[in-house]
Amino acid sequence: MPDTPRGLTRLAFGADYNPEQWPEKVWREDMALMREAGVTMVSVGIFSWALLEPEPGAHDFGWLDRLLDLLHENGVRADLGTPTVCPPAWFYREHPEALPVTREGVRLSFGSRGAICHNSPAYRAAAADITERLARRYADHPALALWHVHNEYGVPVSACYCDTCAAAFRVWLGERYGSVDAVNEAWGTAFWGQRYGGLDQIDPPRLTPTACNPAQQLDYRRFADAAMRGNFVRERDVLHRLAPGVPVTTNFMTALSQCDSVDYWAWGREVDLVTNDHYLITDGRRTHVNLAMAADLTRSVAGGRPWLLLEHSTSGVNWQPRNPAKEPGQMARNSLAHVARGSEGAMFFQWRQSRRGAEKFHSAMVPHAGTDSRVWREVVELGAGIGALADVRGTRTEADVAVVWDWQSWWAQNLEWRPSEDHDPRERADTAYEALYDRHLTVDFAAPEADLSAYPLVVVPALYLATREAGDNLRAYVENGGTLVVSYFSGIVDEHDAVHEGPHPGALRDVLGLTVEEFSPLLPGQTVRLAPAPGAAAAAELGGDVWTEFVVPRGAEAVWEYADGLAAGRPAVTRHRLGRGTAWYVSTRLDAAGLDAVLDLACADAGVAERTGLPRDVEVVRRTGDSGRYVFAINHTAADAEVPLEGAGTELLGGGRVDGPLAVPAGAVRIVRLDG
């Protein structure tokens, strides 16, 4: 199946288009504006089930026929949605059991979006029916470029706890484990007398008086994710059968700041083209770093292949406590940063800003202010820039190092009664990524059991759940010459949230060359000092907080020791030579500067050189393919910068020749196709 939108010969540029919110006389105006802006594709029909099927079995496709014809006449491709994220009101009147039930036993109501029990037979049948009708009608429409199933699976509801789901969970458990005895063993139900005599006795992990069985909760997260994915696959297979040659996608939300209920490693294997939605989180962090991380993670879910940014915002959003506008030029920087990291375009939510509904204050390509506005002028300028990058299509982003990340480990870590609620796996991942970003290194993400041989350096910021296979994979990586950096509280439990036999860190004991006698988390406000170990290569003192451990070297050498606290005198950061490689372990929470000091030594082991001559927050990313090698230089600062180039080339946004350092003005983006 193709993994690029059918008939699209340039990068995708456009937005979610919801013309049903406007009189048809506005549609012609929209077409003229799309041509002015250089729009190449729009997403349509995503929330249109109630219009397409206003009554049970009564369908009205006339308006969608006219819309797709109009798009085709104006040279705009269609990413056509199956509207299964929002069943009509009449559907819920007939099937109230299809509304999801919370863990607390509350059935949610119609009136928002995504109110779906993904195990409802009625929902599954209705979703398949409307999908089949769309496929039969539009499979050969000349505007159709891409199928867009559902919308943002997992947001806002991923798991339902109703009786239908309970029955489906029992079936899933039977298929996964084979018997109730195997479930009892996996879940450790001997603890607290939870043993089951049959699968029929098992319910979802509903609200309990105190902490619910963690293995049961972890399996229910897997089950809920699999139920959503199963519904996607059912719709995808209908579309593949009736519209062969048209790729099928659904929009992910890979940023760790936006969705934590979906195992995107599993989902990435099911779509023809990985697409993603990304929105800046205005929590005081450097938003462009979060953006780069999300783009790198999305590209990694795609297996390194090109992917597509299907939604982001032209300016402010509407759903955060505070929603500032983007500064001048930030829209282009955000868009082109995604392209640099592998996206085959930049699309927005949405085309025309809504006058009604929950998202009427969410920015759009055509704002309430109209075309005499800063946003519109920047949209038109960006469209021209995107249009100049057609040759970038199909090239791949070059990565320097890898970060291991696992969504199921994140789920397990975030269950109740862990040693410290202050340990946050997402924070560790963010901090590790930021430290690598500030070294101007481009990052691939990898699953714990993936082939890591292409990377000289691999960082593991938070891997509480690590299978034996993952541990063996990381050991083989180091033995074969890799350099590994592992953060604390990793390798502790297996896939059932059972502590590995023997001392911590379980699956990672051998590769790290140490054991951990005891965890000793710190109280709020407590810190520890780390002093260089005698004779070690470390030079400066470091500081840690949140966590300490009693580490016992079993082949590893201490590089930093605890200078105070309960673990005073014990190793804090260690280095283990194993085979032809090296494994580092950090047993406390270091800030970005402290982690950077460890990375200095680890990068020296790995032979990874920091790119010099680049200011902080000036990112340089490379894409390479049959059409050439491209350098993206993005200046997120208020000062002009220069970027060294490996030879001469042509600047694609301005068209001029470059031979020598590339001047990148404050807030600007420059893209150079290198000669040769």
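Visitor: What should I keep in mind before I start?

Guide: The model is predicted, so local features need pLDDT of at least 70 and side-chain atom pairs count only at pLDDT 80 or more, while totals for chains, interfaces and linings use all residues. Residues are numbered from 1 along each chain as its sequence is written, and side-chain values use heavy atoms, with hydrogens and water left out.

Visitor: How many helices and strands does the protein chain have?

Guide: Helices (H or I, at least four residues) and strands (E, at least two) are DSSP runs, numbered from the N terminus. Here the protein chain has 17 helices and 29 strands.

Visitor: What does the radius of gyration say about the protein chain?

Guide: The radius is taken over C-alpha atoms, and the globule rule is 2.2 Å times the number of residues to the power 0.38. For 676 residues a compact globule would come out near 26 Å, and the protein chain agrees, with 26 Å. Along the principal axes, its C-alpha atoms fill a box of roughly 75 × 75 × 40 Å.

Visitor: Which share of the residues is buried?

Guide: Buried means under 20% relative accessible area, exposed over 50%, and partly exposed in between (1.4 Å probe, protein chains only). By that rule, 60% of the 676 residues in the protein chain are buried.

Visitor: And how do I read contacts along the sequence?

Guide: A contact means heavy atoms within 4.5 Å. Among contacts between residues at least 6 apart in sequence, 73% join residues at least 24 apart. Leaving aside neighbours within four places in sequence, Arg426 touches Leu256, Ser257, Asp283, Arg285, Asn290, Trp405 and Trp410.

Visitor: How many aromatic pairs does the structure hold?

Guide: Rings of Phe, Tyr and Trp (its six-membered ring) pair if their centres lie within 6.5 Å; planes under 30 degrees apart count as stacked, over 60 as edge-to-face and the rest as tilted. The structure holds 33 such pairs. One of them is Tyr433 with Phe445, stacked at 6.1 Å centre to centre with 10 degrees between the planes. This pair links distant parts of the chain, with Tyr433 in helix H14 (residues 425–437) and Phe445 in strand S12 (residues 443–446), 12 residues apart. Tyr433 is buried at 1% relative accessibility, and Phe445 is buried at 5%.

Visitor: Which residues do ring pairs link into a cluster?

Guide: The cluster consists of Tyr153, Phe232, Phe252, Tyr264, Trp265, Trp267 and Trp407.

Visitor: What should I look for in the backbone?

Guide: Most residues other than glycine have a negative phi, and most peptide bonds are trans. In this model, a cis peptide bond joins Phe349 and Gln350, with omega about -10 degrees. Gln350 sits in the loop between strand S9 (343–348) and helix H12 (374–387). Another cis peptide bond joins His504 and Pro505, with omega about 5 degrees.

Visitor: Where does Pro505 lie?

Guide: Pro505 is in the loop between strand S14 (483–487) and helix H16 (509–512). Phe489 has its place in the loop between S14 and H16, with a positive phi near 55 degrees. Asp497 lies in that loop as well, and its phi is positive too, near 65 degrees.
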